[in-house]
Amino acid sequence: MPAPRGRDFEKTREHGLVMSKSGADRVPAAGDVLPERLAVQLIEQLAQWLRGRLPEARDLAVSALSGPAATGFSNDTLLFDVTYEIDGRRASRALVCRVEPTGFGIFPTYDVGAQYRVMQALHATGVPVPAMFGMERDPALLGAPFFVME
């Protein structure tokens, strides 16, 4: 089941949760709060994906998800921390997940794969861009292709 995606969630809160207007397939946008069961599902999907990229990590956990204070319409953005144990030491990383939009968009086409490759190439040259962590082209996990960066 694809993860719920953000712009289709109302901003009105009931018991601290934002209720879905349409059941559409969106990740949280800035200011959105997901119903707990959907947030837990999305966190577990990200944790599963991260475990595949950090096979030596033990006790991997993903924090609560949030969105940036200000965001545009070009991609959906998730902010989170991942903690794990590696070689007997605890590690923590602040990560950002960019998800290709599946509904309304301001551009005619989106390609997070191209964004990932460009940023990865720029990072190698010393241009101040985040380090790329990984790319997922299969939309089955989060409902659309995505990449994760530091």
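Predicted model: local features only at pLDDT ≥ 70, side-chain atom pairs only at ≥ 80, totals over all residues.
**Tour of salt bridges and strand pairing**

R53 is partly exposed, its relative accessible area being 35%. R53 belongs to helix α1 (residues 36-53) and E136 to strand β6 (residues 132-136), so the pair ties together parts that are 83 residues apart in sequence. E136 has a relative accessible area of 15% and is therefore buried.

Next, select E44 and R51. These residues also form a salt bridge, and their closest N and O atoms are 3.1 Å apart. E44 is partly exposed at 40% relative accessibility; R51 is partly exposed at 36%.

Move to R93 and E150, whose side chains meet in a salt bridge at 2.3 Å, N to O. R93 is in strand β5 and E150 in the segment after β7 (146-149), so this pair links distant parts of the chain, 57 residues apart. The relative accessible area is 22% for R93, which is partly exposed, and 41% for E150, also partly exposed. The model has 3 salt bridges in total.

Now show β5 (residues 89-99) with β4. The two strands pair in the antiparallel sense over 11 bridges. Within this pairing, Y84 has A91 in β5 as its bridge partner. Select D87 in the hairpin of β4 and β5: there are 2 residues between the strands, and D87 takes a positive phi near 55 degrees.

β3 runs antiparallel to β4 (residues 76-86), and 3 bridges join them. R58 stands opposite E85 in β4.

How values were computed
Residues numbered from 1 in each chain as written. Heavy atoms only, no water. Pairing = 2+ DSSP bridges. Helix = DSSP H or I, 4+ residues; strand = E, 2+ residues; numbered from the N terminus. Salt bridge = Lys/Arg side-chain N within 4 Å of Asp/Glu carboxyl O. Buried < 20%, exposed > 50% of the residue type's maximum accessible area, 1.4 Å probe, protein only.
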